[in-house]
Structures are given as structure tokens and as C-alpha cells.
Amino acid sequence: MHILAFLIRRAIQAVIVMFVISLVGFSIQDNLGDPLRELVGQSVSEEARDDLREQLGLNDPFFVQYTRFLGNALQGDLGNSYFFKRPALSVILDKFPATFELVLGAVFIFVSLSIPAGIYCAINRDSWLSRIIMSGSIVGISVPVFLTAIGMVWLFGVELGWLPAFGRGDTYELPWGWDTGFLTWDGLSHLILPSITLSSIMLPLFIRLIRAEMMEAMGTEYVRFARAKGLSTRRVRYVHAFRNTLLPVVTVGGLMIGTLIAYTILTETVFQWPGMGFLFLEAVNRVDTPLIIAYIIIVGLIFVVVNTIVDFIYTLINPMVKLPGAKG
Amino acid sequence: MKPLRHFATAAALVLGMVGTAPAQTLSFAYDADPVSLDPHEQLSGGTLQLSHMVFDPLLRWNSDLGFDPRLAESWERVDDTTMRFKLREGVTFHTGNDMTAEDVVWTIERLKSSPDFKGIFAGWVSVTAIDDYTVEVKTDGPSPLVLHTATYVFPMDKDFYEDGGAEIAKHGDSFASQNLSGTGPFTVASREQGVKTVFERNPDYWDTASPGNVQTAVLTPIKEAPTRVAALLSGDVDFIAPVPPTDLERIKNDPDTKLVTMTGTRIITLQMNQNRNEALADPKVRQAIAYAINNEGIVQKIMKGFGTVAAQQSPEGYVGHNPDLKPRFDVAKAQSLMEEAGYADGFSATMMCPNNRYVNDFKICEAAAAMLAKINVKIDLTTMPKAQYWPKYDERAADIMMIGWHSDTEDSANFNEFLTMTPDPDTGRGQYNSGNYSNAEVDELTIASLTETDPGKRAEQLQRVEEILYNEAAFIPFHWQDLAWGARKGVMIEDVVNVMNFPYLGDLVIEE
């Protein structure tokens, strides 16, 4: 029952969030530029452009346009992209697998590196390797992601010629219409540089976070007690102490999903990765307002879903935590 | 060593005699891919690049800015207002249908209904099929630009489009934006918009004399310039355009790649609004601005030589190009002109420029603003992305605004029609004259040039216009943006590129 109440509450929140996002998105669209300029050539007359604007309903008052949008949106129609000439929602969903796999690749890299590195640095505080990792992570935090990306392209794509520098390579379509790059060698090799780039924002942060939390846990009473009880060092470190460092890591991780999505925009653009982030930046350049609004609504939805999942994971790691909104 | 060399020579001879090079795959990257497969949907460089791959024009520009016959074998002027095109026989569309005069007439009617193209075809009052292979075009008056206009006629397969749907959709989907049947050297094998378009050679292509040996061409749009350059240098693609000025040297110096550059025809200018700012209405002040701006320095320092310094709108090779007009830069002269005009203490003006429309656009404006400070013109500069810039431009929102222009007809009169004639909402003339510059003689000469069929007289009229504009400093010319293509060595791109920037990829040869 608790979980059901929690989900209903979350669903209501999601609807409100979506509504606010659409309202904000809609009210800023006039400042994004004139979509007509992108639809017609340079020598088309002002009059012809006005006709087209009228046909698209862009001359209607804000309230009329917004009500029309909302009515359609409730039926799952977020409007047609000006550029792709297809429903904005389906354009975005077509690009979702690419972004999802990129994020998954990045998460895989930073999780599998930051946990061992963070624990190592917490336990062997003064070893030379820890020093290198810690100072390296400061550099990592400071370098902007587009610079990392271009550096990667030049080093591995051009100078060494080891890895492809753009695009997604060969993809394989799974039966439910999901284009995956995970199943071909070509697809995987295209994934390497962008996912390293994307993970480079998270990696230093997580190493430092895990190290700090681990060090704190190692100094707590229950760890000292476990030691005194005669448990093996291994069990004390990796079961008792590490489990408690995970809690803040999951919190921060959940919050950072947003950052990760924001950085997919930059990463995808540099690597010509055909995902949602690249699509979004292009849509902004082309003043493809229906696509822009659909993107921010979808991203809003992703946020809500991810936060809900994070709250769930919380209860699994630490049974003392109750789901917010559910009565204990 | 000697026998070996002989052997090599002999082998080369034998191979040369065999003739046709083996079929090749071309992988190329532009900064964007065509918005639609419908050649009449949007008048843009991307559309024309596509059209030259999958369609053929009646005639096309050659490298000397002359005309080469394509689907029109020959043409003759019957009288001042009538031109007859004799079509090539035995040409088939991708569907197998024969290309006849009916298709050409149908295509031109469709062009006249396209919002983007109808302006160009406005003067063509009637188009009739005299017989299966003769088309007659009548214009509303004597017209010197019939052939220029005919380069925009890419005959479409009438039956194919009438069956599927011939509607031109500026928004929403249409049959023609997803399907095509032309006569061109390539067909579209697959297309994922924004990701990849695959072209296959048309096995029944009529032009058997074409040396082209590209069997499959794969277009990948790569938006980011550094990534595009990296793709070429790493060998992932064979050919890229455009090349950013910062990477010209690198591509030129790399042992595996080559750079092909050409003087372009897009003029970059500043327009000075005489209605908004009193000072700019004074020709002396405008001349002072022209003298104060070192456009040669801008080309060298900011454009890294990737531009041709301009003193007028018409580039060399255009009928209106006036060879007597030279770039002017003389700060002392500028200062004395300011004094003469009564602005010794200078004045303030606002300036707006796009920051992602032309090559280095905002840097050019920053440099210009700094140069104007030297003659006490205080510039308040705002730069913005083109999406926001164009609505501002339409509002005439600043005293000085930047505009670049490429003549759709490759003719000088087009510059005047849009940029320097007196703005008139009824005729659409001066639509991009944000400075409100107005000179009756410029208007008259331009109008006269549109119906003047004597090339000598036309040149005189249009060169006179350039001279007037220069003397009155109607606008500030910077440069014509150069064009650049990067290619892998062996991809003979230099033989098929042109100043209009639609490479004739059907004729491209890739050497082993």
C-alpha cells in the first residue's frame, strides 16, 4: 500500500511538473527566434512568410496557442517538428536509444572506475598512486567537457587513428524497434570516445565522494566495533563500511543524472552522436519550437522517473529510510 | 631499377587503355543535410546540392560562369521575349519513364507555385511544349536572364509525382519530400534525416560521357567543424565542406589530404540606417566609415586570407563588376570627412550582427567597431545567433546591421533588387535594404538592366550602379567569402566544384 500511495503521489507531481515546464517552454518560445526564417529561402517576400505564419497558427494570441497545444498534448500529440515534418514526440523517441546507450556507457565507465579508485584512495591515503589519482581528479573536474571531447577526437581519432571520431557506427535493430550499438564491434568502438568524455565529468567527482565517505565510515564506532569483534579486514571494509558510503553516493548520483543529461547535449554535438541532445541543440538553432518543447517535457519526465527510482533504491540500501509521503 | 620502371610504365599504359576506373565509394560530410527530397520546397544551398546529384538541370554553370547544355541540348532566342529549348532525347527518369517536354512544362509550373522559387520564375509568363522535345518559354518583357533562370529547372518525373502526390509542403509531410524520381546520376538508396543519406549510381544514366566513377556516395552531416575536419584527417570520410578558416593550413599540409579553395560570390556588408540615425544619412559620414574600416586587414587577420577584399557587391566575373572600384582605407581621410560633415566629435550608433551565420561574422563586427572608435564613432554592438538575428533584422532594430548576400541568379542585378533599391513592400524590392538607402538612378538603371538583352549595355548599366553605390558609400563592403573543400588525395574534387558551391558529384573521379 505504501508503495502505491507513493507512486500516485509521484504521478501527480509529475503531471504538475510537466504542466509548468510546458507553460515555461511555451512562454519563452517567442524569444527563440522566428521559425519562418528557417523554413523559407532568403528571397521569399515578407507577405508570403506572413501567410505561412498564419497557416501555422503562430499569429494567434498566446492563450489560444497554448490551449490548443495543451488539448493536443493531453492526447499524446506534442505537435509536428517543423524540420522533420513528423510528430515531435516520435522524432525524439527515435533518438532516445542512442542517448540512453551513451549514458549507460558513461555510467558503466565511471561506476567501474570510481568505486575501486575511491576505496583505494581512502585506504591507502598516502600512497603515490592515491596522490596521482587525487591530483588527476582535480584536473578532471576543471577541464570543460567540450575540450575533453575535442582532445579525444584529435588524439584517438586523428593522431593515433585508433577509434572512430564521429557518429554511431553500425547499429542493430532489436525486435521492439530499439536500435542498439551494443551488439556490433563497430557500434561499440564508436561508443568508446563519447562515453569516456561523458563519464569524465562524473568520474573525478565520484572518486572524491567515495573516498571521503569511505574515510568517514572507517572512523565510525560500528566499524571499530566490528574490528574489535574480530571480523576480517576485508569484511569490515567492503561490507560494513562500503555499504554505508553508498547512501550519499546514490543521492548525489540521482541528482547528477540531470547534469549528465545536460552534458549529453555537448558530448553528442562534438561527436555527431545521433541522440536527443544533439537533436535538441539543432532544434534550437533551427527554431524548431515544437521539438524544443517536446524535448524539455521528455527530459522533465526522465527527471521525475529517475528521482522516483533513486528513492526506491534508497530503501533497499538503508531500511531505515522510509519512502517520502508514505506513512511509516 | 630500370626494368621495373619500364614495367610500371607499361602497366600504366595498359590500365589507361582499359579506360574506366573501377567503381568507387565516396563518403562525404557537409555541415547539414538537405531538409527535404523535394527540390522545390526550400531554395537553399543544400537543396541545390541534392538536385545536382539526383536530378539534372536544363543547363548548368561551368567553371567560367558560362552555360553547359544538360537536359536541354540547345536553345535559341526566337524573339526578344521568346526562348526555345531543344531537349535531349532518350533520357529516362529513375522510374524508367521517358523525359519529355511535358515533364519540363509540368516542372516549371510547379516551380511557379513554390513560395521559394516563384520569385525567380516570376517573369516567365508562359511555358509550352511545342513538340515532345521542344519547350518554348515566353517572358513578360525582354529578359537577359532566361538562361540563368533555366539553371533552376530540374525536370521532375510528372507521372511519378502525379500518382504519388505533387503537393509542395512547407510544413507537414508530403509524398515529394520523401520520394523522388529524376534523371540524375544518383538515386537515393536510403535516408535517415540528420544522420545519413546513401546514394547509388543510376545504371541508366544518360550522360555516358561523364567520367564519374562513384558507385555509392554516402553523405553524413557533421555539424561541428573540428569533428568534420577530424573525420577527413582520420580517413573516415573522403571529402568535406565547408572547411573552417582555422583548419585550412592543416588540411593543406597533411600528406594525405588536399585543400581546394575558390573565390566565392557571397558579399559580406554592413548597412547603415539613414532613418534611424541622422548622421548616417550624410554621404560624407558613410564615406568616412568606409575609409575608417580596414577590410583588407580584416581579411588577413580575421579571415586568415580566406576571403577576397571587396569594394562593391559584384564579384569578378559578374557582368556588373566594376574593375575601377578599389578598397579604400585611410584613417586621416576618414577624419577629415567627419569634420567636413560636422561630426568632428563623432557620434554614437548601435550595431547588430549575427554570430553563427557567416564565417567569423561577429569577429568582423567587433573589429569594425574598434576601427570606428578611431574616428570617434562610438558603436554599441550586439551579437546574437541567426535565429534571433533575422527577426531583429526585419525590425531594422539597429543603426548598423550586417548582411551577407549571394545572388540566386549569379547576376549583379539581384544584389541591387534586394539590397540597394528603394524599399517597396508592394514590389518586394529592397526587402533586405535595412539602411533605407534610396537613389532614383540606381532604381532606374537596375530596372532597365532587367529587360536589357544587349550584354554590353547591361554591363554599362550595372557597373554604373556599382560606381554610384561606391561614391555614395551606400553600404560598407568587407569581402566575398571564399569557398573551401577538403578532400583525400586521389579524390578529384577540384574538377567538379564550382563557385555556386554545388559540386557536380556525378562527374567526380576517384583515382586508386
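Reply: Let's begin with chain A: of its 328 residues, 35% count as buried. A residue is buried if 20 or more other C-beta atoms lie within 10 Å of its own, exposed if 12 or fewer, and partly exposed in between, with the C-beta atoms placed from the backbone. Please keep in mind that this is a predicted model, in which local features need pLDDT of at least 70 and side-chain atom pairs count only at pLDDT 80 or more, while totals for chains, interfaces and linings use all residues. Residues are numbered from 1 along each chain as its sequence is written, and chains are lettered from A and ligands numbered from 1 in the order in which they are written.

Chain A contains 12 helices and two strands. Helices (H or I, at least four residues) and strands (E, at least two) are DSSP runs, numbered from the N terminus. Along the sequence, their pattern is α-α-α-α-α-α-α-β-β-α-α-α-α-α. The C-alpha trace of chain A spans about 85 × 60 × 40 Å along its principal axes. Contacts tell us how the chain folds back on itself; two residues are in contact if their C-beta atoms, placed from the backbone, lie within 7 Å. Among contacts in chain A between residues at least 6 apart in sequence, 70% join residues at least 24 apart.

The part I'd like to show you closely is helix 12 of chain A, residues 289-317. Its 29 residues reach 42 Å from the first C-alpha to the last, close to the 42 Å expected at 1.5 Å a residue. That expected span is 1.5 Å times one less than the number of residues. Several of its residues are buried, including A:Thr289, A:Pro290, A:Leu291, A:Ile292 and A:Ile293, as well as A:Tyr314. What covers the buried residues of this helix includes helix 1 (2-28), helix 2, helix 5 (88-123), helix 10 and helix 11 of chain A.

The axes of helix 10 and helix 12 of chain A come within 10 Å and cross at roughly 170°. Here axes are lines fitted to C-alpha atoms, for helices over the stretch in contact, and angles run from 0 to 180 degrees between N-to-C directions. Helix 10 and helix 12 of chain A are therefore roughly antiparallel to each other. In this scheme, angles under 35 degrees count as roughly parallel, over 145 as roughly antiparallel, 65 to 115 as roughly perpendicular and the rest as oblique. On the helix 10 side, the meeting residues include A:Leu246, A:Val250, A:Gly254 and A:Ile261; on the helix 12 side they include A:Val299, A:Phe303, A:Asn307 and A:Tyr314. By class, this contact has 13 nonpolar, three polar and no charged residues. Ala, Val, Leu, Ile, Met, Phe, Trp, Tyr, Cys and Pro count as nonpolar, Asp, Glu, Lys and Arg as charged, and the others, Gly among them, as polar.

Helix 11 of chain A (residues 276-285) holds A:Val284. With 18 C-beta neighbours inside 10 Å, A:Val284 counts as partly exposed. Leaving out residues up to four places away in sequence, A:Val284 touches A:Leu32 and A:Ile292, and A:Ile292 is one of the buried residues of helix 12. A:Val284 and A:Pro35 are 249 residues apart in sequence, but 9.9 Å apart in space, C-alpha to C-alpha.

Some of these elements also face chain B. In total, 38 residues of chain A are in contact with 35 residues of chain B. Helix 2 (35-39), helix 3 (46-55), helix 7 (145-159), helix 10 (233-271) and helix 11 of chain A each supply at least two residues of that side of chain A. Helix 7 gives the largest share, five residues. The residues on the chain A side divide into 21 nonpolar, 11 polar and six charged.

Across in chain B, four strands form an open, antiparallel sheet in the order 4-5-7-6. Two strands pair if DSSP finds at least two bridges between them. Strand 4 (72-79) and strand 6 (124-131) are the edge strands, each pairing on one side only. Strand 4 and strand 5 of chain B pair over six bridges, in the antiparallel sense, and a hairpin joins them through two residues.
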